[in-house]
Amino acid sequence: SSGINAEYGGEWCDSLFECFTTVVRYSFRNSNGGHNYSWTDRQALSDIQLRILIDSTFWVFYSIIGLKAITAIIIDGFTSKKKERESALHDMNTKCTVCGLTKDQLNTKGIDFKDHSDEEHSIWSYIHLFYYLDKMSRSHKKNLKKHISAVQYEVYEKYKKNDISFFPDGSSISWNRANEMMNKF
């Protein structure tokens, strides 16, 4: 066929290759191939085949580059999140959240890290304390000082100001006892 088949609205289908060209042509028709070159005045089959070649090349490269970029961003995001999580888990298993003493420091003084972090410096005890102080401050807005201890009131005042100086920094009762015992000998 040498041109547009008027009977079928511009569709060539005299051979398998012409049918394939027609199907692919109409697949890219609405997208304009991602560029602004006008093909409206092109009528020959060779012009349409050139258009298909340009459009399909563009979309193949565009898809490959876009897919690789998106995949790289996703993988990079997951990798950084995994590293953050592993670092946090390492810290949770080797460093006391409350006082900052490491597992090795505690073990050298004969203090079991698990007992220290679960009993002596349980993070849940601190969360419970903050919840209790917050609850008391809501129910006793004017006379909070009368309903909680002086130490609790001091902690609450620092807590409201985001002052964390009430946390034991580098010490605990068992740590101080172990140091006292070492100094006696």
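**Entry 1: Asn-162**

I looked up Asn-162 to begin with, and at 69% relative accessibility this residue counts as exposed (over 50% is exposed, under 20% buried, and in between partly exposed, with a 1.4 Å probe and protein chains only). Asn-162 sits in the loop between helix 7 and helix 8 (173-184); helices here are DSSP runs of H or I with at least four residues, numbered from the N terminus. I noted its backbone too: Asn-162 has a positive phi of about 60°, although it is not a glycine.

A note on the source: this is a predicted model, in which local features need pLDDT of at least 70 and side-chain atom pairs count only at pLDDT 80 or more, while totals for chains, interfaces and linings use all residues. Residues are numbered from 1 along each chain as its sequence is written, and side-chain values use heavy atoms, with hydrogens and water left out.

**Entry 2: salt bridges**

How many salt bridges does the structure hold? I found four, taking a salt bridge as a side-chain nitrogen of Lys or Arg within 4 Å of a carboxyl oxygen of Asp or Glu. I looked at some of them in turn.

Lys-114 pairs with Asp-118, and their closest N and O atoms are 2.7 Å apart. Both residues belong to helix 4 (residues 113-120), four residues apart, or about one turn of the helix. Lys-114 is exposed, at 54% relative accessible area, while Asp-118 is partly exposed at 39%.

In helix 5 (residues 123-139) I found Asp-134 and Arg-138, again four residues apart and about one turn of the helix. Their salt bridge has its closest N and O atoms 2.9 Å apart. Asp-134 is partly exposed with a relative accessible area of 26%, and Arg-138 is exposed with 60%.

Glu-157 and Lys-160 form a salt bridge with 3.6 Å between the closest N and O atoms. These two are three residues apart in helix 7 (residues 150-160), so about one helical turn separates them. I have both down as partly exposed: Glu-157 at 21% relative accessibility and Lys-160 at 48%.

**Entry 3: cysteines**

I searched the whole structure for disulfides and came back with zero; the criterion is a pair of cysteine sulfur atoms within 2.5 Å. Cys-96 is buried, at 3% relative accessibility, and Cys-99 is buried with a relative accessible area of 3%.

**Entry 4: aromatic rings**

Next came the rings, and the search of the whole structure gave five aromatic pairs. Rings of Phe, Tyr and Trp (its six-membered ring) pair if their centres lie within 6.5 Å; planes under 30 degrees apart are stacked, over 60 edge-to-face, and the rest tilted.

The pair of Phe-130 and Tyr-159 is stacked, because the ring centres are 4.6 Å apart and the planes are at 5°. Phe-130 is in helix 5 and Tyr-159 in helix 7, so this pair ties together parts that are 29 residues apart in sequence. Phe-130 is buried, at 16% relative accessible area, whereas Tyr-159 is partly exposed at 33%.

Phe-130 also pairs with Phe-167, this time edge-to-face, with 6.3 Å centre to centre and 75° between the planes. Phe-167 lies in the loop between helix 7 and helix 8, so its pairing with Phe-130 of helix 5 ties together parts 37 residues apart in sequence. I have Phe-167 as partly exposed, at 21% relative accessibility.

Which residues form one aromatic cluster? They are Tyr-126, Phe-130, Tyr-159, Phe-166 and Phe-167.

**Entry 5: a charge over a ring**

I also checked Trp-175, and the charged end of Lys-109 sits over its ring, 5.2 Å from the centre. The rule asks for NZ of Lys or CZ of Arg within 6 Å of the ring centre and within 35 degrees of the ring normal.

**Entry 6: a nonpolar patch**

Last, I looked up the surface and found a nonpolar patch of Val-60, Phe-61, Ile-64 and Ile-65, with about 400 Å² of accessible area together. Patch members have over 30% relative accessible area and no salt bridge; like charges are joined within 9 Å and nonpolar side chains (Val, Leu, Ile, Met, Phe, Trp, Tyr) within 5 Å. Accessible areas come from the Shrake-Rupley method with a 1.4 Å probe, and for residues only the protein chains shown count as cover. Phe-61 is placed in helix 2 (residues 45-94) and is exposed, at 51% relative accessibility.
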